[in-house]
Amino acid sequence: MTDETFGHYDEDLEPNLILITMTPERHAFLTGMKSVPMSGDLPPRYSDFLNQMQSRYGLKRVANWPLPAIEIFCVVFEVENAQARKTIVAALEQEPGVETAQIVQTFEVKAENYNDPYLGLQHGFHSLQAISSHQWSRGKGVTVAVVDTGMDNTHPDLVLSSEATRNFVDSDDAKFRSDTHGTAVGGVIAASADNDTGMVGIAPEANLLALKACWHVNQGESKARCNSLTLAKAINYSILQNVDIINLSLTGPPDPVLERLVLAALERGIVVIGAVPAHENRAFPVSIQGTIAVDMPGNKSKSISAPGRRVLSTLPDNKYAFFDGSSFSTAHITGLAALLRSVSPTLSPSELLALLELTANLDTGAVNACRAVDMARRLSDEIADQDNCLLAQQ
């Protein structure tokens, strides 16, 4: 057991936690290459290190784990005086062997769900021409990591696309499958097509890796939160699994460790897509250069946009509902990115973003799936230049 915070995130632990990182060399020196359990005998140097943290700063270790994707080790401490966190973090940054120190921050998914029974009669989100794009690509062979709440991978529209699941919040499988937000995001990205059931995802043949790093504040509602620890574990896992795309339908403050993980993902060619927050301040993940920032239409941001209002998607227990929020704009772009990666696997994150921008509406930034996929296949196969999407609409 190397994490006493696991399974307790709904207890609002974050205000009392500090995260430090150390290099593998420093960790090896302290541990002598031995395990460091949460209780019982510890390597002498590691035990001395923890005693110093306790005596100098009033810190109690509550978690430790590696992030091999960026070659660091993390140690999480609970602080006795939460009001002194920033002062302690500044002091820890000067400690020998401490690479970085930071507070543990919180993040929120970007969604609200509708419960009006007649919203279906008013449904009018912008068409991406996704059906036309399916003549060339349905996302086959592309793996998308959905870093979110849990997901109902038994839903008839998600059972085929759900490749694997992993829970970084707790060990409650039933709650994992009953989580609303991740289930809805997954449906927008890759709900099955042509199965006589429900809806069709943007990339119905893509594979979903459902990674729970967020939890619902009230079960059954869309509002959910995450923290630095859970997100770091999920993003690290995504990188190690060599996924093609990471969907982050969430936002929060800039975070040093999470930024390093996202930059490592981008360096490996993994496309990272995130939701634009309502405010104009710097935010994770969209303020990290190289990520694809997505907004809802009409918000007058400089980002590309996709439908985010009255979006029909999957709900746990074989149900469907309408949702609202840039989470679902992000999911639309993630689905489109899967279509593009399927037809042109060598597209880098920057090339994929350039292609989205080039084929989007110049005035609104609204993406066009048909034109983006058509251009990707023509560039990949050196096909003569012609607008096949105009023909597809006739």
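## Helix against helix

An axis here is a line fitted to C-alpha atoms, for helices over the stretch in contact, and angles run from 0 to 180 degrees between N-to-C directions. Helices (H or I, at least four residues) and strands (E, at least two) are DSSP runs, numbered from the N terminus. This is a predicted model: local features need pLDDT of at least 70, side-chain atom pairs count only at pLDDT 80 or more, and totals for chains, interfaces and linings use all residues. Residues are numbered from 1 along each chain as its sequence is written, and side-chain values use heavy atoms, with hydrogens and water left out.

Two packed helices are described by the angle between their axes and the distance between the axes. Take H9 and helix H10 (residues 349–359): they pack at about 110°, with axes 11 Å apart. H9 is therefore roughly perpendicular to H10 (65 to 115 degrees counts as roughly perpendicular, under 35 as roughly parallel, over 145 as roughly antiparallel, and the rest as oblique). The crossing of H9 and H10 is right-handed. Contact means heavy atoms within 4.5 Å. On the H9 side, Ile333, Leu336, Ala337, Leu340 and Arg341 take part; they meet Pro349, Leu352, Leu355 and Leu356 of H10.

Strands of a sheet pair through backbone hydrogen bonds, either parallel or antiparallel. Two strands pair if DSSP finds at least two bridges between them. Strand E15 (residues 292–295) joins E16 through two bridges, in the parallel sense. Aspartate 295 has serine 305 of E16 as its bridge partner.

## The four-stranded sheet

A second open sheet has four strands, ordered E2-E3-E1-E4, with antiparallel pairing. Strand E2 (59–67) and strand E4 (100–103) each have a single partner strand, so one side of each has no neighbour in the sheet. Neighbouring strands are turned by 20° against each other on average, direction ignored.

Strand E1 (residues 17–22) and strand E3 (residues 72–79) run antiparallel and are joined by six bridges. Leucine 19 stands opposite valine 76 in E3. Helix H3 (residues 85–92) lies across E1, E2, E3 and E4, at about 10° to E1. Helix H7 (residues 228–240) also touches E1, E2, E3 and E4, and makes about 15° with the direction of E2.

## The cysteines

A disulfide is a covalent bond between the sulfur atoms of two cysteines. The rule used is a pair of cysteine sulfur atoms within 2.5 Å. It gives one disulfide. Cysteine 214 and cysteine 226 form it, with sulfur atoms 2.0 Å apart. Their link is right-handed, with 85° about the S-S bond. Cysteine 214 lies in strand E10 (residues 214–216) and cysteine 226 in strand E11 (residues 224–227), so the pair ties together parts 12 residues apart in sequence.

Cysteine 214 and cysteine 226 are both buried. Buried means under 20% relative accessible area, exposed over 50%, and partly exposed in between (1.4 Å probe, protein chains only). Cysteine 74 is in no disulfide; the nearest cysteine sulfur, that of cysteine 226, is 17 Å away. Cysteine 74 has 1% relative accessibility, so cysteine 74 counts as buried.

Key
Left-handed = near helix turned anticlockwise from the far one by under 90°.
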